[in-house]
Every structure is written in C-alpha cells, then in structure tokens.
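User: Got a model open here and want to talk through its inside. Can you take a few quick questions?

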Amino acid sequence: MTLRRTSAAAALLALTAVLAPARQASAADTGALPLASATTVGLHNTYDPAAFGFLAQALDTGTGMVELDAWTDTVTKEWKVSHSNPLGNRNNCVAAATPDRLYTGGANKDLESCLDDIRVWLGAHPGSGPLLVKLELKQGFAANRGMGPAQLDALVAAHLGPAVLRPADLLARSGGGAYATLDEAARAGNWPARAQLAGRVLVDVIPGTVEESNPFDTLHTDVEYARHLRDLAAAGRIGEAQVFPAVHGAAPGDPRTKYSDASLRPWFAVFDGDASAYASGTDTGWYDRNHYLLVMTDAQNVSPAISATDPAAEQARARTQQLAAAHASVVSSDWRHLPEVQSLVLPRG
C-alpha cells in the first residue's frame, strides 16, 4: 500500500484507518475477553526513577505492563534492579508494606521490594489488571551459584503470592485434569477472562542485553527457564513454577524453531520482539490464532515514527489501535505521561 500524504501525522491516521478500524471496547466487553484476546499498553523500563518517582505512579497510569531489569548479584544473593549497574540498585521501588507507603521513603531497592510494591498496589486496587510484569535478566541466571529459575520462583511466590497467574493455572482444564504443555493449553484457548484476572499478575522473563551479547554465555534465560518448566512438569511439580519464559526477537514463521532442543518449544506461549520487525511482513495473525501472548516493543518506531516519550495522545492512541489490529497483546513504549493511552484495552486483531 502506498501513502500519498506529505504529513507524517496524516500518514499515521491513514494507515490506522486501513489497519485498525476496530472500536475501543467498553469495560464490560474487555472484561469478558480472554487474556489472549485483548490488547493493552505497557511501559518500558518502568523502574527508572527518571520516568517515575515511585513505581506506584507508573501503576497509577492504568498500564497493562511494567518492565523490570534485574541482575544476579551472586555475592549478596540479591536480584539488583537497575539499567546498567550489576552491583547496585537504581530504581523507584520503595518496599512498601502498606498502601500509604507506596509514595514515600527511600527508593533503590531490590527486585523483591519492587514486587512488594506491585503486590501492595494491587491490593489497594483489586479491580485493576491483569498486569504483565516483564523481567529482563540483564546477564541471565546464575543457577550454579544459587540464583537460578527455582530461586526466582521462590522469590516471586514469596512476594506476589496468589496474585500470580502461574503456568500451572494455564495448564489446568476447567473440567479437571491438565493440558500437557503451555503450547497445547494456549492453542486450546485456555486463558481465563480478563475479569477473572482482576488484581492478578503474569510474570514473564526474557534474556538480557548483556547476556545476549556475551559470547561465553551459552545458556540463555529463555532456554534455562523452559528446561526448568519441562523438568518440573515431568516430575509432577509444575505448580512450583511462577514465570512464563518468552521467545525473544521477532522472526517469520514459528520463532521457536531456533531452539535445537525440540522438547523446549511447547513450553513457550509468550513472545516478545520489536514492533517494527513484526509490522514488516511477519504473519502476526499466527500468534493470535494460536492464542499466544505477543509483546511488541518500541511501538513508537513503527513507520511513521512518533515520539518515544511524549507523542500527542491521538498519535499514541492511533499507534495502539494499529498494533492491536496487527495482533499485539501488549504495545510497549515509554509513553509515561499518557494515562488515557496506558489504560486502553482493545479487542485484539
């Protein structure tokens, strides 16, 4: 399709009119949608104090996703939360114990404290959500030093508790029994309705930028956690798992074929990659038809590009509608000042 307008804004509106004629659903409509049948908006690097003074302020926008970057400090056994410092915390988490403490106190706490803030905020807003908590493990796990998938499960369970939508919950059949794998459960459309997930969280994990660029790291986060899920299921202990591994990176076809160990592929039902790459000829309808969750990042860069942080609300809304029509589950960016967009929930596709 060729756009013959000279204005970038006009081009965006024209493209959106073609790709995203879908209406915004009412709250009642979206509550009835299964989790994988809706599109929400998410915040990249939500923990950044330059973006929000307190993590709770990000949650106040009504966002559908928050992102936390974590480092494994194997000396202190602490999961540090920062963008670039593996040995220190640099974030807006305050370890609130009660709702009145969410907007006060010292920040720069660890991952468990960030999860505490999320749990406390959700407790004060029980009708909110569901919320996707995206973890980027910057340098990956360190299971050989006591900071592997099992330890992450324990941390998530201790600090988010029953708010977590676990892999076992997706596997469970309504009439009893369970699906064999996450792939089987997702393709069967076994996701609960959004209304059933009010006040709850789905935690997913992706490999980190440091890990992916490290030539000596041959076991990345996605593979390691998928192995963990497969082995827990084989041992009858899948209920211990708290996290969904995500396939990282947009690719044509089924991107799980990159895993040479085919036994891992059915343990992925979440995918994460660059929105521009998905919008450039990838059959994103495949994700929707199979009821997989698809996080599209850097939504602002899809042509015609808009501001990464401060687009006009109309531009951000139009981009969200465009990517909802392109089958995104989450449209991720740094649109920090647009709660009217962060709180959008649209029918997917």
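User: How much space lies in the largest cavity?
Analyst: About 160 Å³. Keep in mind that this is a predicted model.

User: How many cavities of 30 Å³ or more does the count come to?
Analyst: One.

User: Which residues line the largest cavity?
Analyst: The lining is Leu 35, Ala 38, Thr 40, Gly 64, Pro 130, Leu 131, Leu 132, Arg 194, Leu 202, Leu 293, Ser 329 and Val 330.

User: Which elements give two or more residues to that lining?
Analyst: Two strands do: β1 (38-43) and β4 (131-137).

User: And how do the lining residues divide into nonpolar, polar and charged?
Analyst: Eight are nonpolar, three are polar and one is charged.

User: Switching to the core. Which residues have the most contacts inside the largest nonpolar core?
Analyst: Leu 68, Leu 111, Ile 118, Val 133, Trp 191 and Trp 335. That core has 92 residues.

User: Which helix gives the most to this core?
Analyst: Helix α4, residues 111-124. Its share is seven residues.

User: What does Ile 118 touch?
Analyst: Leaving out residues up to four places away in sequence, Ile 118 touches Leu 55, Leu 59, Val 66, Leu 68, Leu 131, Val 133, Leu 160 and Val 201.

User: New topic: Ala 32. Where does it lie?
Analyst: In helix α2, which spans residues 27-32.

User: Is Ala 32 buried or exposed, and why?
Analyst: Ala 32 counts as exposed because its relative accessible area is 55%, and the cut-off is over 50%.

User: How far apart in space are Ala 32 and Leu 160?
Analyst: They are 24 Å apart, C-alpha to C-alpha. In sequence, Ala 32 and Leu 160 are 128 residues apart.

Notes:
Residues numbered from 1 in each chain as written. Predicted model: local features only at pLDDT ≥ 70, side-chain atom pairs only at ≥ 80, totals over all residues. Heavy atoms only, no water. 1 Å grid on protein atoms, 1.4 Å probe; cavity = no way out; pocket = protein on both sides within 12 Å on 5 of 7 lines; lining within 4 Å. Points joined across faces, edges and corners; volume = space filled by probe spheres on them. Helix = DSSP H or I, 4+ residues; strand = E, 2+ residues; numbered from the N terminus. Nonpolar A, V, L, I, M, F, W, Y, C, P; charged D, E, K, R; others polar. Buried < 20%, exposed > 50% of the residue type's maximum accessible area, 1.4 Å probe, protein only. Core = buried A, V, L, I, M, F, W, Y, C linked by side-chain atoms within 4.5 Å. Contact = heavy atoms within 4.5 Å.
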